[in-house]
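Dear colleague,

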Amino acid sequence: MEKRSSFTGRIGFVLAAAGSAVGLGNIWRFPYLAARYGGGMFLLTYILLAVTFGFCLLIAEIAIGRKTGKSVICAFASLDRRFSFLGYLAAFIPMIILPYYSVIGGWVTKYAALYVTGGGASASKEGFFSAFTAEPIEPLAWFAIFIGLTAVIVLFGVEKGVERVSCVMMPVLVVLTVGIAVYSLTRKGALDGALYYLRPDFSAFGIETLLAAMGQLFYSMSLAMGIMITYGSYMKKDISIVSSARQIGIFDTGIAFFSGLMIIPAVFSFSGGDAATLNQGPGLMFVTLPRVFEEMPLGHAVGAVFFLLVFLAALTSSISLMETIVSIIRDKFHISRRLACLAVLLLALLLGIPSSLGNGLLDSVRILGLSFLDFFDFISNSVMMPIVALLTCIFVGYVIKTGTLTDEVALNAPFKEKRLFHFVIRYVAPVFIVLILVSSILNTFGVMTL
Ligand code: PHE
């Protein structure tokens with residue numbers, strides 16, 4: 001078996017991990033959650049959670065990976081045999097997410113291609129999005145293109161593929177996001193939107209703000225599914241875990257922040273802050289934004305840049321999903337990277353088909369009242385990820401003890417936030433996670449509406 005590959009340095013590691021974290025979660029999900037859950041209040045809650053909870057969990061996962069040098073299944077098993085089940089549980093999550101994430105990635109690819117080839121006007125037509133996703137063949141084809149591209153990059157291996165792509169993409173992404181945010185802020189009426197987004201209105205705070213922000217944090221930082229463990233296993237011992245985690249967090253939260261700033265004021269400017277438009281949810285990006293672009297001067301060019309940006313962000317995230325699965329399979333079955341890639345590609349293609357057809361041919365098929373795509377999203381994000389995060393905290397806090405990881409973290413640089421880490425992992429995180437888990441399940445079954 002080939003030698004385990006590793007990132008060439010800290011910048012490579014940070015960019016690749018940030019490439020995984022920054023994705024559809026930041027650009028598409030974060031703005032619509034912020035718009036829905038009280039703007040500034042949501043933003044503030046999210047940032048507070050990110051610097052405490054997100055930061056600590058990120059450090060814990062990277063440290064587990066680097067300490068063991070293994071991907072998720074073997075990592076937990078080598079620290080404590082009794083917890084190998086946790087590795088399997090975590091490993092399962094990317095396998096569920098990759099197919100449906102790539103289906104959405106395919107939609108984004110379609111939009112990017114449409115805008116780049118000058119067809120942006122049609123995307124703004126009433127019913128365009130629902131007609132496109134209801135069609136059987138075309139979305140499937142875009143899905144196959146998106147996931148095929150992911151597989152090709154993963155095939156080239158960690159330093160040649162993932163790292164090189166991330167090194168080019170991430171800086172471009174930052175420039176584009178900030179650029180569009182600035183552009184969007186100069187629109188007439190955008191200022192009200194900016195105020196709504198930036199000024200916390202404490203009366204808008206509620207348990208649901210906290211829960212929505214918390215769920216978003218896991219998803220956005222790619223936590224609780226073995227991804228950061230895998231990436232940590234590729235990290236060299238002389239690189240500081242704390243400053244890497246800090247930079248990844250800043251990157252991820254920064255892109256989410258600017259995505260909100262490019263979408264919310266723009267939507268305000270064109271709708272006058274109408275509550276129904278703000279509450280649009282998942283459709284905000286695919287349905288409202290093309291209309292916004294249509295009315296903007298230079299809108300088609302801005303639209304092309306925007307969807308290209310989302311495409312790049314989604315691609316780096318799907319790369320991390322596939323890389324994690326490939327790495328797990330190779331550690332387990334000792335097969336070549338090429339064979340593992342092919343197997344994962346075929347499986348994901350197969351599993352993605354129901355999600356892709358869920359808005360059209362299979363529209364009537366529901367599991368627990370959810371379409372295939374929503375079901376996979378729910379099972380992974382609202383059920384499995386909180387469970388894995390909870391068990392990880394219990395494992396680190398009470399089984400191997402935080403000291404095992406703080407020693408690893410302190411190998412090359414003093415770990416100043418050690419006490420915060422200990423406190424969050426042992427006490428704060430477990431309580432919060434149980435809250436999310438219970439509420440999100442109640443929410444989905446309609447017992448409680450958030
Ligand atoms: N963190 C990614 C995002 O914000 C999503 C993602 C989830 C990526 C799970 C990998 C794994 O879009």
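A polar side-chain atom of S222 lies 3.1 Å from a nitrogen atom of the ligand, a polar contact being a pair of N or O atoms within 3.5 Å, where within protein one must be able to donate a hydrogen and the other to accept it, and residues adjacent in sequence count only if both atoms are side-chain atoms. The protein buries 100% of the 320 Å² that the ligand exposes when taken alone (Shrake-Rupley method, 1.4 Å probe; for residues, only the protein chains shown count as cover). An oxygen atom of the ligand is 2.8 Å from an N or O atom in the side chain of Y101, and for the side chain of N26 the corresponding distance to a ligand oxygen is 3.0 Å.

This is a predicted model, in which local features need pLDDT of at least 70 and side-chain atom pairs count only at pLDDT 80 or more, while totals for chains, interfaces and linings use all residues. Residues are numbered from 1 along each chain as its sequence is written, and side-chain values use heavy atoms, with hydrogens and water left out.

The ligand is surrounded by 16 residues, and A21, L24, G25, Y101 and Y219 are the closest (near means one heavy atom of the residue within 4 Å).

Elsewhere, the structure holds six salt bridges (a side-chain nitrogen of Lys or Arg within 4 Å of a carboxyl oxygen of Asp or Glu). One of them joins K110 and E138, with the closest N and O atoms 2.9 Å apart.

Best regards
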